[in-house]
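Visitor: Could you walk me through this model, one question at a time?

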Amino acid sequence: MTNRWDAWKAQEPPDDFASRTVTAALAERARGQRIRRLARRRAAAASAVAAVMFAGMAWGFSAWKTRLVSERRPSAAPGVVTEGVRPTSPPVTMPVARASVEAPSASTALPPAPSPPIRRRIDAGALPDAGRKVRVPPCACSPHEEMCTCF
Amino acid sequence: MAPERRQGSSELDAATVEACRASDPVALRAFVVRYERVVFAFLSRTLGAGPHVEDLAQEVFLRALRALPRFDSAGSARPSTWLLTIANRLVIDERRRRRVPTQPIDADLVAPAPGTPETERTRAEMGRALSRAACALPPDQRDAFVLAEFHGLNMKDIAAVLSVNEGTVKTRLFRAREQLRILLRGVLEDT
């Protein structure tokens, strides 16, 4: 029975079928490798662009926030300390020459600072430069005064 | 014995398959040369002979070589069975797409078999009758019949190639043989 079935002949492959198929397969693989390489390059370029954009966004946001903070600071009320910003004491003028000539009275004394921090009076002899000649203006404040503003 | 079945007795060695994975041209050529007759035989018997068989056979090999890195040469599947599975999927696609009418094989496309003129004539007549009868079979029965009779696959392999269970294969084969027996009654009695 099997021999009878074998009478049904199949189509034979042409002689150059194998070489043509191998050539086509190798060309297809080379094309696939080229496409994959191109895709990798594109992915790398896209990643670089994304990283630059992200960094730019981050820088822009931080710059905008810094400007916003600096714009808000002068508009704040005097004496109100913004949170996170260290309070600065107003500049105090030192009446060095005049203090040596005339004693300040209560009416001519400078108004007290808005809210200067109360500090402990430091003895001049305890300072590290006590050995040098430092001219300290004489202070005529009475010991009963709450605060000496001569300095 | 059919040439494709004689070749199907030995498979390509694992070293050549590995070399094919590495795109070695010599190994690729050996792979194609080893299995081209099997693929041509299956395609021409299931779809009918013609130039489309060559195109489809090349597509089978291109798909196989593309999927070769995923093929487990140490597994249970043989390369020939794996190739026939790919070929069968292409046959199904081709039937669905083009509605290919199955034609008897042209005598010019087949290799002449050696033998006496009388034997040759008898065989040619027999072949034509078989081809006509097989064309009358439904496609699913013809595929199972071709794989069983011409490629020497067992039930399990046919089921794997056709993606059906073994019971379905047995039913298809039984019906195909019954119908062929009826269609070829006169021819088989004469020979």
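Visitor: Is B:T81 buried or exposed?
Guide: This is a predicted model, where local features need pLDDT of at least 70, side-chain atom pairs count only at pLDDT 80 or more, and totals for chains, interfaces and linings use all residues. Residues are numbered from 1 along each chain as written, chains are lettered from A in the order written, and side-chain values use heavy atoms, without hydrogens and water. Buried means under 20% relative accessible area and exposed over 50%, with partly exposed in between (1.4 Å probe, protein chains only). B:T81 has a relative accessible area of 5%, so B:T81 is buried.

Visitor: Which residues does B:T81 touch, not counting those up to four places away in sequence?
Guide: B:T81 lies in helix α5 (residues 79-98) of chain B; helices are DSSP runs of H or I, at least four residues, numbered from the N terminus. Contact means heavy atoms within 4.5 Å. On that basis, B:T81 touches B:D157 and B:V161.

Visitor: How many aromatic pairs does the structure hold?
Guide: Rings of Phe, Tyr and Trp (its six-membered ring) pair if their centres lie within 6.5 Å; planes under 30 degrees apart count as stacked, over 60 as edge-to-face and the rest as tilted. Over all chains, the structure holds seven.

Visitor: What is the centre to centre distance between B:F71 and B:W82?
Guide: B:F71 is in the loop between α4 and α5 of chain B, and B:W82 is in helix α5, 11 residues apart. Their pair is stacked, with 25° between the planes, and the centre to centre distance is 4.6 Å.

Definitions and conventions:
Helices (H or I, at least four residues) and strands (E, at least two) are DSSP runs, numbered from the N terminus.
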